[in-house]
Amino acid sequence: MAAAPNYAGGALMGIQAIGTIAGAFMQADAARAQAKAAAAAAEYNAVLAEMEGNAEERRRRRGSRRALSSQFVQMAGKSGVMAEEGGWLERLTQNAAEYETNALNASIAGRNTARLNRMHGANAIRQGNMQAGAALLTGASRLGGMAYSLYGTGSKTETKTTQPDVPYYLERP
């Protein structure tokens, strides 16, 4: 008597295969979504850093105008002294250049921070894509393992098609 085929086992393997495939795609989508969120946060931080750098540049320029005005009044305004070469006017010019350099450095620092944040966002996207690929590969590997366990090696050399179904205790050695 021939053994009845095991339909329940095949159905369960099919359900497991579908679950493995669906899980791999869900993991890949989650990795990509997380990467997009990290990139969006990095872009927000970049824009914020640029705005803060520009605001700091404006604040320093306002402060430098006040300081230069005060220095001018102290050096020349009260005494009525004429500007002469190498004196207080040259020092005032050097101070103005120094104040301008500080203001520009504040803006440059903001841009550099923004650039760094954007690089973090791009790296998050790359990392998310790699995690998504790894999830899909893991799912494919699991699916391949299930297929192997179900179908074996696929190289069956011996078949018992010529012998009738005989109980094992009646088989000849």
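**Exercise 1. Find the helix that holds Arg66, then decide whether Arg66 is buried or exposed.**

Step 1: Arg66 lies in helix H1, residues 7-77; helices here are DSSP runs of H or I with at least four residues, strands are E runs of at least two, and both are numbered from the N terminus.
Before going on, note that this is a predicted model, where local features need pLDDT of at least 70, side-chain atom pairs count only at pLDDT 80 or more, and totals for chains, interfaces and linings use all residues. Residues are numbered from 1 along each chain as its sequence is written, and side-chain values use heavy atoms, leaving out hydrogens and water.

Step 2: Arg66 is exposed because its relative accessibility is 59%, given that buried means under 20% relative accessible area, exposed over 50% and partly exposed in between (1.4 Å probe, protein chains only).

**Exercise 2. Describe the protein chain as a whole.**

Step 1: Count the elements: the chain has 2 helices and 0 strands.

Step 2: Check burial: 18% of the 173 residues count as buried.

Step 3: Take the contacts (heavy atoms within 4.5 Å). Among those between residues at least 6 apart in sequence, 89% join residues at least 24 apart.
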